[in-house]
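Look at the structure below and keep it in view while reading. The paragraphs that follow go through it one region at a time.

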Amino acid sequence: MIWYPYEQMKTMQEPYHIVDAKGVWLYTEQGRMIDSVSSWWSVIHGYKHPALTEAIVRQARQFSHVMLGGLTHEPVRRLSEKLEQWLPGDLNYCFFSDSGSVAVEVALKMALQYYVNRKETKRTKILSLTHAYHGDTFKTMEAGDDADYHFILEAYGEKQDVIHIPTEIAALEDAFARYHSSLNCMIVEPLLQGAGGMRMYDVAFLKRARQLCDAYDVLLIFDEVATGFGRTGNRFVADLVLPDILVLGKALTGGYIGHAVTVANQKVYAGFYSDEADRALMHGPTFMGNALACSAALASIDLFETEGYMDKIAKIAEITRREMADFSDPRIGEVRMMGGCVCVEVKDAETLRGYQQFARERGVFARPFLKYLYAMVPYIIREEELVCVLDCMKDWFRR
Ligand SMILES: *Cc1c(COP(=O)(O)O)cnc(C)c1O
């Protein structure tokens, strides 16, 4: 018996049974539908891309996995070199793990231990955003701020070590003034908060956060598990404002195999580099640096670089703006767009009840949550396919 994610098993709808997938299309026995959410925002090149399939198959013929404890191999070495060269600034030190949540855990652990290694043991607090989502493991739930995902945490009572602020510069300055000496890090989903409701904010907030982190010697962590690889219309938001630690996941492997990476800069790495054994980072996911995942990631990055993906994303943004211009409905609170993401926030979640089935009948797979109807399409989508996804959203309100 499968226990499905985020579902009340007693009342959940039967999931669609997928028998094949190619490009933007998911196939069931009854027909096909466009995946408008890219399998939780990860499948940026679409399904069954020959380059990715080939990279995985080629590596599988060598070996699929060896652990990184005492062993290393070509795909993980090449991927870390590629990221070192490809990512901005001195984000050069790659710690791999099997999922985004674990990679965020590693980032938070790095930030805490960075100060413990310096004997600054009072810096136990994390500054985070309201509506933040950083994963479903315990510390990432704590850093997150969404009762819809994390109500279980109430069992522990008040959060001790996490302070949440809205994406407003005044609140940011106030938090630093009050808490700077007890903060080890500030963690954000930069520019676009995904699971918290596709909330978008201005880069000025991040620039100010960078200044304050520098002024008070606090580490800045960007959780780009969702925003990385072009989703905001920037390759990485880290290209605009440089964090101390960058977390990538979801689209890292083109969505073909679960994998993630926590990338530290020189300063963070130096905080662990020592003759003393107890300053080492004591972490090691069994499947970190999995050879199939690293091979998929290398092929994915290669496609991203050589096939004009930033132009593809700009085109998606342009078509979305054109198609959503002048679209409004009294039941809608706001329509938000950024890069390869569009979100229609309704005033009452009831308004979206039945949407998934409606979309299914029109050949679109969608998965609205709470008050948010959104699309994050694979970047290889064709214009008429994207228009079909957007028409479906608009037509729901025109019935
Ligand atoms: C999805 C997500 C995570 C968690 O990644 P998993 O691979 O599901 O563990 C963390 N942070 C952000 C911003 C995400 O969108």
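Which residues line the largest cavity? In this predicted model, the lining is made up of Ile316, Thr320, Gly340, Cys341, Val342, Ala375, Met376, Val377 and Leu386. Helix H11 (309–324) and strand E14 (341–346) are the elements that give two or more residues to this lining. By type, the lining has seven nonpolar residues, two polar ones and no charged ones. The volume of the largest cavity is about 40 Å³, and the count of cavities of 30 Å³ or more comes to one.

Next comes a residue in a loop. Tyrosine 379 sits between strand E16 (372–375) and helix H13 (383–398). Is tyrosine 379 buried or exposed? Its relative accessible area is 1%; buried means under 20%, so tyrosine 379 counts as buried. Leaving aside neighbours within four places in sequence, tyrosine 379 is in contact with Ile44, Phe229, Gly230, Arg231, Phe304, Tyr309, Lys312, Ile313 and Ile316. One of these, Ile316, also belongs to the lining of the largest cavity. Tyrosine 379 and serine 38 are 341 residues apart along the chain, yet their C-alpha atoms are separated by 9.1 Å.

In soluble globular proteins, nonpolar side chains tend to be buried together. The largest nonpolar core here holds 132 residues, and within it Met186 and Phe229 touch the most other members. Helix H4 (residues 100–117) contributes the most to this core, giving ten residues. Not counting residues up to four places away in sequence, methionine 186 touches Leu127, Leu129, Leu172, Phe176, Phe205, Ala209, Cys213, Val218, Leu219, Leu220 and Ile221.

Helix H4 can be followed from end to end. H4 has 18 residues, and the distance from its first C-alpha to its last is 25 Å, close to the 26 Å expected at 1.5 Å a residue. Because 15 of the 18 residues are buried, H4 is largely enclosed by the rest of the structure. Just after H4, lysine 119 takes a positive phi of about 65°.

The last stop is a lysine in a helix. Lysine 82 has its place in helix H3 (residues 74–86). Its relative accessibility is 17%, so lysine 82 counts as buried. Apart from residues up to four places away in sequence, lysine 82 touches Leu298, Ile301 and Glu305.

Methods. Residues numbered from 1 in each chain as written. Predicted model: local features only at pLDDT ≥ 70, side-chain atom pairs only at ≥ 80, totals over all residues. Heavy atoms only, no water. Core = buried A, V, L, I, M, F, W, Y, C linked by side-chain atoms within 4.5 Å. Buried < 20%, exposed > 50% of the residue type's maximum accessible area, 1.4 Å probe, protein only. Helix = DSSP H or I, 4+ residues; strand = E, 2+ residues; numbered from the N terminus. Contact = heavy atoms within 4.5 Å. Expected span 1.5 Å × (residues − 1). 1 Å grid on protein atoms, 1.4 Å probe; cavity = no way out; pocket = protein on both sides within 12 Å on 5 of 7 lines; lining within 4 Å. Points joined across faces, edges and corners; volume = space filled by probe spheres on them. Nonpolar A, V, L, I, M, F, W, Y, C, P; charged D, E, K, R; others polar.
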